[in-house]
Amino acid sequence: VAVLVLTVLPLLSMLSAALQPPGTVPLGLQWPSDPHWENFAEAFRVARLPALLASSSVIVLGVVPVALMFATLAGYALGRLRVPGSRWVLVVLVLGLTVPFESITTPLYYQVRALGLLNTPWAIILPLVGLLMPFAVIWMHAHFRGVPAELAEAARVDGASWWQELVRVQLPLARPALSALAILLFLWTWNQYLLAIVLVDDPLKRTMAGALGAFQGEYGTDLVLLSAGTLLIITPTIVVFLIFQRQFVRALLQGAVKG
């Protein structure tokens, strides 16, 4: 309950601030006697949310399916196939988890600029796919390693190739792990802030979180409009999590008790 209160309190504070009269300075958590709901319509207009939603959707569709595909193939190869040097590959992936995004932002900028991809969705999609790979591959590797070997051996005895085993046996069993990973990749991509700010100059081509930086810089003195715009920008993430939270928890529990 205490954690829930600490989590919800900032959202309630922003909501109360967003409903204050335009141009005023909100004084803490204080519900207005005459809520100004039209502030959200004004923030929706000035923030150009339809264009931001389209840009974020393009980036998410470019990152999540590709990352899931590569993570599944790599996780299956490292977890089920006897790939030479697989242990060293896993060590490199674990080391990749320790590298913060901030430490490679500068070389990423020059590399993306050399490829001529600055200020395009590809400037976010391609680096983000690579940066998410260590976690995604280790996640799928852990799943495939936990699948009973008898199932794979039975498929092999029946004459199934490695590819047929993956498609007909492993992937149906991997649905909980894939669904949980897809939710995590979506949230991380949608909320990506640093790469969007550094690699894309046009706010309308950034992610929703990246556009928040430009919105704050333009309307930072108008706290009412800034609160309304911030709530509108973070609402899709909250909605997606609320819709899929049961599937996410179920996927984690199924993975925990699968053996």
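Student: At what angle do helix α3 (residues 49-79) and α9 pack, and how far apart are their axes?

Tutor: Quick ground rules before the numbers. This is a predicted model, so local features need pLDDT of at least 70 and side-chain atom pairs count only at pLDDT 80 or more, while totals for chains, interfaces and linings use all residues. Residues are numbered from 1 along each chain as its sequence is written, and side-chain values use heavy atoms, with hydrogens and water left out.

Now the big picture: the protein has twelve helices and zero strands, where helices (H or I, at least four residues) and strands (E, at least two) are DSSP runs, numbered from the N terminus. Its C-alpha atoms fill a box of roughly 75 × 50 × 30 Å, taken along the principal axes.

On to your pair. Helix α3 and α9 pack at about 140°, and their axes are 9 Å apart. Here, axes are lines fitted to C-alpha atoms, for helices over the stretch in contact, and angles run from 0 to 180 degrees between N-to-C directions. α3 and α9 are therefore oblique to each other; angles under 35 degrees count as roughly parallel, over 145 as roughly antiparallel, 65 to 115 as roughly perpendicular, and the rest as oblique. The crossing of α3 and α9 is right-handed, meaning that the near helix is turned clockwise from the far one by less than a right angle. On the α3 side, the contact (heavy atoms within 4.5 Å) is made by residues including L53, I59, V63 and A71, and on the α9 side by residues including L181, F186 and W190. By class, the residues of the α3 contact with α9 are 14 nonpolar, four polar and no charged.

The axes of α6 (residues 122-146) and α9 (residues 175-190) come within 11 Å and cross at roughly 160°. That makes α6 roughly antiparallel to α9. The crossing of α6 and α9 is right-handed. Among the residues meeting here are F135, W139 and H143 in α6, and L184, L185 and W188 in α9. The α6 contact with α9 divides into 13 nonpolar, two polar and no charged residues.

Then there's the helix just before it in the numbering. α8 and α9 pack with their axes 4 Å apart, at an angle of about 60°. α8 and α9 are therefore oblique to each other. In this contact, L171, P172 and L173 of α8 meet R175, P176 and L178 of α9. The classes there come to five nonpolar, no polar and one charged.

Note on methods. Nonpolar A, V, L, I, M, F, W, Y, C, P; charged D, E, K, R; others polar.
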